[in-house]
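User: I would like a close look at one part of this model, the aromatic ring pairs and what surrounds them. Please keep it brisk.

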Amino acid sequence: MHNHYFGTQTDWGTIVKKQIVHIFFKDGIQTIADLSKKTHASVPTVTKLILELINEGFVMELGKAHTTGGRKPLLYDINPKAGYFVGADLRPTYANLAIVDFAGNQVRFVRHIPFQLRASTKSGKELTDIIKNEVSEAGIDWEEILHVGISVAGPTDTRIGRNMYYYVSNEEPFSEYMSLILGVPAVLENVSRSKIAAEVRYGKHSSRDMVYLNLDEEFGMSYLVGGNLVYGHNGFAGNAGHATIPGNPLLCRCGKKGCLTTVSSGEAVHRMYLERLANGEVGELSEKYKNGEEITYYDVWEALKHGDQLAIDCSAAMSKNLVKILGITINMSNPNVIIIGGQMSESGEKMLETMREELKKTLDQIMYEDVELHLTSVGEPGAALGACIMAQRHYLDLQ
């Protein structure tokens with residue numbers, strides 16, 4: 001089983017082939033002349049490599065360009081039927097799953113499939129059953145699946161396929177285990193990096209210098225600098241939720257006091273919501289609270305989606321805390337686009353308004369005017385679609 005289509009080949013032809021495939025994904029339909037100019041390879045070389053890619057099924061000829069006069073050049077593009085990629089977004093109690101074709105077109109998305117995320121072999125076997133069932137439901141032959149991407153929260157070393165929170169054993173990386181039982185290669189990726197990949201490919205707002213704030217139950221962050229994803233030494237870049245905030249006495253689930261995620265996450269909104277109910281404030285979940293029923297994080301998330309004012313107010317309070325780290329991030333990395341995503345972004349424009357007000361107090365005028373804040377335009381499918389993209393890039397060995 002090969003992890004990459006290009007394997008370990010490093011010859012000139014393979015390098016140019018990679019460039020050609022990357023250009024198709026980035027710029028769409030091309031002519032031989034276009035590709036020759038962009039790869040700095042000769043027309044005969046590009047012609048030869050395009051024919052190889054066509055014979056391998058990855059590129060297709062579209063016919064001649066519609067031009068006025070002169071010789072009409074042939075047009076080429078990625079062949080969407082070359083194969084499929086599966087992306088699984090793993091949450092504590094459910095999974096979202098997406099399937100895309102070779103060109104990245106969404107074929108299937110299924111949300112909230114019952115699933116228990118835990119550090120055990122059983123969890124991996126359950127995930128395998130889910131993936132194979134959804135591929136079958138989509139009417140796709142399993143032999144057409146080229147690669148699987150798995151998106152999960154927490155520090156993740158993609159190179160070796162290990163996550164600090166969820167693993168199969170200390171000896172066997174999760175992605176290696178999943179590759180074995182799936183029968184196709186699998187790559188493990190951090191959820192925030194999966195989401196920023198989806199924003200670049202499918203979103204309305206993109207940039208080569210972009211930050212994604214992932215506001216789920218915990219807080220995560222990912223970066224694009226000069227068009228490249230930032231991984232850091234072990235792939236743990238963006239683990240900002242566990243940066244400590246001076247004066248914050250709250251105990252984090254990681255065992256430390258003062259972590260940012262305790263005041264800037266869905267977990268923080270959940271805690272604030274319960275505190276305000278205890279103080280007599282009224283919200284959608286007041287009756288449930290009075291009856292002594294348990295109110296979970298997911299209950300508060302649903303209330304936020306329904307427009308519960310108390311949940312919205314708690315989300316706004318959380319946003320003010322978030323700006324403390326966001327201001328530092330903007331000053332250090334100078335992005336021009338900030339995307340706010342995750343479950344807590346359900347509060348919408350109210351959250352953006354609060355964050356803009358707080359950032360204006362934090363940043364110099366020039367820095368403030370130079371950065372755009374947007375809510376995710378990809379939404380809930382983002383992590384699963386991003387996992388598909390990561391699987392595709394891993395398969396094609398695209399950096």
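This is a predicted model: local features need pLDDT of at least 70, side-chain atom pairs count only at pLDDT 80 or more; totals for chains, interfaces and linings use all residues.

Does Tyr395 count as buried or exposed, and at what relative accessibility?

Analyst: Tyr395 counts as buried, because its relative accessibility is 10% and the cut-off for buried is under 20%.

Now its partner. Tyr395 forms an aromatic pair with Phe85. The centres of the two rings are 5.9 Å apart, and the planes stand at 65 degrees. That makes the pair edge-to-face. Phe85 sits in strand S3, whereas Tyr395 belongs to helix H13 (residues 382–396). These parts are 310 residues apart in sequence, so the pair ties them together. Phe85 is buried too, because its relative accessibility is 0%.

The pair does not stand alone. Ring pairs join Phe85 and Tyr395 with Phe25, Phe58 and Phe102 in a cluster. The count for the model comes to eight aromatic pairs.

Another of these pairs is Tyr94 with Tyr298. Their ring centres lie 6.3 Å apart with the planes at 65 degrees, so this pair is edge-to-face. Tyr94 is in strand S4 (residues 94–101) and Tyr298 is in helix H9. Here the link spans 204 residues. Tyr94 counts as buried, at 7% relative accessibility. Tyr298 is partly exposed, with a relative accessible area of 23%.

The charged end of Lys305 sits over the ring of Trp301, 4.4 Å from its centre.

Strand S3 and helix H9 lead on to a pocket. Each gives two or more residues to the lining of the second largest pocket, as do helix H6 (191–202) and strand S11 (219–225). The volume of this pocket is about 510 Å³. Its lining has 33 residues. Ala153, Gly154, Tyr165, Val191 and Glu218 lie nearest the centre. By type, the lining holds 15 nonpolar, eleven polar and seven charged residues.

One more element deserves a look, helix H5 (residues 174–182). Its buried residues are Phe174, Ser175, Tyr177, Met178, Ser179 and Leu182. They pack against helix H4 (121–137), strand S6 (145–152) and strand S9 (186–190). Just after H5, Gly183 takes a positive phi of about 90 degrees.

Methods
Residues are numbered from 1 along each chain as its sequence is written. Side-chain values use heavy atoms; hydrogens and water are left out. On a 1 Å grid over the protein atoms alone, a cavity is a set of points where a 1.4 Å probe fits but cannot get out, and a pocket is an open set with protein on both sides within 12 Å along at least five of seven lines; lining residues have an atom within 4 Å of a point. Grid points are joined across faces, edges and corners, and a volume is the space filled by probe spheres set on the points. Helices (H or I, at least four residues) and strands (E, at least two) are DSSP runs, numbered from the N terminus. Ala, Val, Leu, Ile, Met, Phe, Trp, Tyr, Cys and Pro count as nonpolar, Asp, Glu, Lys and Arg as charged, and the others, Gly among them, as polar. Buried means under 20% relative accessible area, exposed over 50%, partly exposed in between (1.4 Å probe, protein chains only). Contact means heavy atoms within 4.5 Å. Rings of Phe, Tyr and Trp (its six-membered ring) pair if their centres lie within 6.5 Å; planes under 30 degrees apart count as stacked, over 60 as edge-to-face and the rest as tilted. A charge sits over a ring if NZ of Lys or CZ of Arg is within 6 Å of the ring centre and within 35 degrees of the ring normal.
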